[in-house]
Amino acid sequence: MITNRRKFDGSGPEKPRGCSEIRLYVQYIAVILRSAMQYKASFILGAAGQFFVSFNELLALYFIFDRFSAVKGYTYEEVLLCYGIMLLGYSIAQCLARGFESFSDLIKSGEFDRMLVRPRSVMVQVLGSRFELNRCLRIALACAMLCYGSGRCQVAWTAGRRAAVAGMVCGIILLFAGLFLLGASISFFTIEDGGFLNVLIYGGSTHGKYPVDIYGKRMLKFCTIVIPYALVQYYPLQYVLGRTQRWEYALYPGGAVFFFLACYGAWRFGMRHYQSAGS
């Protein structure tokens, strides 16, 4: 058994910073891209599968609003804008942070022990272990939904509202990346992944197609205090749609930064207490 007596902070024995880590991550992506292009048919089918999963959800939205003109006051175009923002942020987070979602496999196979003795950032190595290129069509669909919804909504698109949408996307990326990181942190102690977090991850991405307040006040409170979905979705959306004049709602996605830092703290705690799985 390997005992982790050194004080690991997720950066490995040596701590390259800045551009060197970015170059390393880009090299990981390039390798994964070349590997995926060796099996083009498999890549295309995988990307198409991801696309049609989200497209089916889009059809479900269309048929719901074909029967009902609005859901708790939200029109089809407003919900489409909301869902496009959520899908875009979530898909990018899956592309970038998928390595943390499968982190338990790295521990069980012993690959993580090898990462610890390499003179490179452990976090970059984990991130580079998986990069979901087949999410590209989902990202394209999300952009199309976002453009269509924003164009059809009765919204005066000021610079502040555009910045609020950009902040929502960035906040959603940080939120889901933090949840993936939290699941990886749990694996330090359980070896298995934090499966219960799937309820928050996949449930949150699915329920995020609608503004959170349609699920009731208790759910809104939970999504504000416990897992801050509402900070990156509901509150700034109210400002974007012109339902409130409280411009400070556009700043609420910044709360995802503190959530991510808390999840990163859990990761560092797990690194300090990690002992080899014995693989």
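The following paragraphs lead from the overall form of this chain to some of its individual residues.

The structure is a predicted model, in which local features need pLDDT of at least 70 and side-chain atom pairs count only at pLDDT 80 or more, while totals for chains, interfaces and linings use all residues. Residues are numbered from 1 along each chain as its sequence is written, and side-chain values use heavy atoms, with hydrogens and water left out.

The chain contains 13 helices and 0 strands. Here helices (H or I, at least four residues) and strands (E, at least two) are DSSP runs, numbered from the N terminus. Read along the sequence, the pattern is therefore α-α-α-α-α-α-α-α-α-α-α-α-α.

The overall dimensions come next. The C-alpha trace spans about 60 × 45 × 35 Å along its principal axes. For 279 residues, a compact globule would have a radius of gyration near 19 Å, and the 20 Å of the chain agrees with this. The radius is taken over C-alpha atoms, and the globule rule is 2.2 Å times the number of residues to the power 0.38.

Of the 279 residues, 48% are buried. A residue counts as buried under 20% relative accessible area, as exposed over 50%, and as partly exposed in between (1.4 Å probe, protein chains only). The accessible surface comes to about 13,800 Å², and 63% of this surface belongs to carbon and sulfur atoms. Such areas come from the Shrake-Rupley method with a 1.4 Å probe; for residues, only the protein chains shown count as cover. A contact means heavy atoms within 4.5 Å. Among contacts between residues at least 6 apart in sequence, 76% join residues at least 24 apart.

Helix H6 (residues 122–129) illustrates burial. Because 7 of its 8 residues are buried, H6 is largely enclosed by the rest of the structure. The buried residues are Val 122, Met 123, Val 124, Gln 125, Val 126, Leu 127 and Gly 128. What covers them includes helix H1 (19–37), helix H3 (76–101) and helix H13 (255–272).

Ser 54 lies in helix H2 (residues 40–67) and is buried, with 0% relative accessibility. Not counting residues up to four places away in sequence, Ser 54 touches Leu 87, Arg 138 and Leu 141.

Charged residues complete the picture. Side chains of opposite charge can pair when their charged atoms come close. A salt bridge is a side-chain nitrogen of Lys or Arg within 4 Å of a carboxyl oxygen of Asp or Glu, and the whole structure holds 6 salt bridges. In one of them, Arg 114 meets Glu 111 at 2.8 Å, N to O. These two residues are 3 apart in helix H5 (residues 111–116), which means that about one helical turn separates them. An α-helix has 3.6 residues a turn, so residues three or four places apart point the same way. Arg 118 also forms a salt bridge with Glu 111, at 3.1 Å, N to O. Both arginines are partly exposed: Arg 114 has a relative accessible area of 44%, and Arg 118 has 31%.

Elsewhere, Glu 248 forms a salt bridge with Arg 246, with their closest N and O atoms 2.9 Å apart. Glu 248 is partly exposed at 25% relative accessible area, and Arg 246 is likewise partly exposed at 42%. Shared partners, by contrast, join Glu 111, Arg 114 and Arg 118 into one network of salt bridges.
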